[in-house]
Amino acid sequence: MSIARLLSKLKNGFINCHAHIDRAGTASFFEKKNHKAHLFEKWQLVRKVKKQSTTEDYYNRIIDACWSQRDKNISKIISFIDLDDIVGTKALAAAVKAKEHMRFYGVNLYIGNQTVGGFTSNNLKLLEDNVEYLDFLGGLPKSDEDPERHLDILFNLSKQTNKKIHVHVDQMNTDEEMETLWLAKRTIKAGLEGQVIAVHSISVACFSEAIRELTYSVCKDAGMQFVACPSAWIDHPRTERLSPTHNSITPIDELLKWGLTVGIGTDNIEDIYKPYCDGDMLFETRLALEACKIYDDDSIIDLAYNNGLKILG
Ligand SMILES: [Zn+2]
């Protein structure tokens, strides 16, 4: 059976478990050479979009992206939305309005904060003042000078609001980071088992089998759920650094073997990060199953939809 035929059976469409929909359609803000900049540089370059866009610009782009997602049979989108002292609440206000609008057209948008630069006092105030508009809390510990405090803030807010936390971890495909295991241990210590979602966790694949197994075991105890964005880091720059051989993708096959929940997301759509990504979940699901040799129809349907429901809770 072709993947398209199998996934055409999805009565309720796909769940896109990770996007940055407020940046969709902003690739043209940047010169072509910037599209190849390093991830960390792009965190800064995207300030241009944040500064130059009005709430209306954000709204129009989010609506356009949601319609495009709808055309691709995506019914639910879990998206980070920029919320920091550069963009202020412009993107969030637009996303909240777009969410209300798209609900009537069969697209549910779930939003959380993307706070690049960490929870400085200004950013923390923005988060606390606007937490009522968020469906989940978003983390990017690597961009914060104090990653431990970053998690403490998210964990405390989660306890107060009962909202789940999606955290970007282990995106760089290198054994220089071990954030997934760290996040799982911290989750257990905070007593937040089942409330935390690890987004990416690609670098787990850079470690020996013994360390991977330890990571999965602690993640299991933490009730950790995962989101893989298969094409997001497939462009990992070639390096001379050695690690066990693997594809530059979340080790979905091993996570599933451990009974861990994995959903799929498109990540960035037509922006500086991924200028040619059209947000097609059929493509992302196909890439996941090819990269990790997942040839079981039920598992594929789980990745495309059912696990997204579990992640939404
Ligand atoms: Zn992301």
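Where is the place of Q114? I looked and found Q114 in strand β3, residues 108-114. I take strands (E, at least two residues) and helices (H or I, at least four) as DSSP runs, numbered from the N terminus.

**Ground rules.** I am reading a predicted model, with residues numbered from 1 along each chain as its sequence is written. Local features need pLDDT of at least 70, side-chain atom pairs count only at pLDDT 80 or more, totals for chains, interfaces and linings use all residues, and side-chain values use heavy atoms, with hydrogens and water left out.

**Q114.** Buried means under 20% relative accessible area, exposed over 50%, and partly exposed in between (1.4 Å probe, protein chains only). I then listed contacts (heavy atoms within 4.5 Å). Leaving aside residues up to four places away in sequence, Q114 touches H20, R23, F80, I81, D82, L83, L140 and H168.

**The zinc ion.** Two of those names came up again here. I found the zinc ion coordinated by the NE2 atoms of H18, H20 and H168, at 2.1 to 2.2 Å. Donors are N, O and S atoms within 2.8 Å of the metal (3.2 Å for Na, K and Ca), and because water is not among the atoms, sites may look incomplete. The donor residues are spaced H-x1-H-x147-H in sequence. H18 sits in strand β1 (residues 14-19) and H168 in strand β5, so this pair ties together parts that are 150 residues apart in sequence. Both H18 and H168 are buried.

**The sheet.** I followed β5 into an open sheet of five strands, in the order β4-β5-β6-β7-β8, with parallel pairing. Two strands pair if DSSP finds at least two bridges between them. Why is one side of β4 and of β8 left without a neighbour in the sheet? β4 (137-139) and β8 stand at the edges, so each has a single partner strand. From one strand to the next, the twist averages 25°. Angles run from 0 to 180 degrees between N-to-C directions, and axes are lines fitted to C-alpha atoms, for helices over the stretch in contact. Helix α7 (residues 147-161) packs on the sheet and touches β4, β5 and β6, and its direction makes about 170° with that of β4. Five bridges join β5 (residues 165-169) to β6 (residues 196-200), where V196 is the bridge partner of I165.

**Positive phi.** I noted E270, a residue other than glycine with phi near 40°, in the loop between β8 (262-264) and α11 (281-292). E270 is partly exposed, at 36% relative accessible area.
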